[in-house]
Amino acid sequence: MRKPRMQTVVAMLLAAGVLTWMIFWMQRQGGNIKGELEAETDRATAGRGGTALFTLAFLAVFREGLELALFLLAASATSSPLATLIGALAGLVGAAGLGW
């Protein structure tokens with residue numbers, strides 16, 4: 001295994017930081033988030049629904065994409081391209097299976 005470069009270490013730490021922050025945030029907000037999201041969605045659809053819902057969905061997907069990019073960057077710098085691809089595909093299949 002090759003030694004990770006400084007930018008790889010920074011990417012790993014950044015990815016771990018984003019994930020850790022998200023865990024603590026979800027722990028604090030988990031009890032209220034469902035009702036709050038439903039109420040805000042109802043309010044948004046009553047007014048400017050399209051823009052508000054698009055923004056909410058865009059930001060949620062963007063955040064998840066950012067986390068994925070950081071993890072894949074860190075993984076690709078410390079493992080072979082084939083191992084990174086297999087791991088990414090296994091995660092995608094697992095997520096699809098859980099979603100289904």
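Buried means under 20% relative accessible area, exposed means over 50%, and partly exposed is what falls in between (1.4 Å probe, protein chains only). I started with L66, which comes out partly exposed because its relative accessible area is 42%.

The model is predicted, so I kept in mind that local features need pLDDT of at least 70 and side-chain atom pairs pLDDT 80 or more, while totals for chains, interfaces and linings use all residues. Numbering runs from 1 along each chain as its sequence is written, and side-chain values use heavy atoms, without hydrogens and water.

Next I looked up where L66 sits: helix 2, residues 49-78 (helices are DSSP runs of H or I, at least four residues, numbered from the N terminus). L66 also belongs to a nonpolar surface patch of about 550 Å², together with F54, F58, L59 and F62. Patch members have over 30% relative accessible area and no salt bridge, with nonpolar side chains joined within 5 Å; a salt bridge is a Lys or Arg side-chain nitrogen within 4 Å of an Asp or Glu carboxyl oxygen. Areas are Shrake-Rupley with a 1.4 Å probe.

Then E67, also in helix 2. Buried or exposed? E67 is buried, at 9% relative accessible area. Leaving out residues up to four places away in sequence, I found E67 touching V18, L19 and M22 (contact is heavy atoms within 4.5 Å).

Last, the largest pocket. I noted about 480 Å³ of space in it and a lining of 16 residues, with W25, I33, L37, L56 and A60 nearest the centre. A pocket is an open set of points on a 1 Å grid where a 1.4 Å probe fits, with protein on both sides within 12 Å along at least five of seven lines, and lining residues have an atom within 4 Å of a point. The volume is the space filled by probe spheres set on the points. Helix 1 (6-46) gives the largest share of the lining, ten residues.

Methods
Patch = residues over 30% accessible without salt bridge, like charges linked within 9 Å, V, L, I, M, F, W, Y side chains within 5 Å. Helix = DSSP H or I, 4+ residues; strand = E, 2+ residues; numbered from the N terminus.
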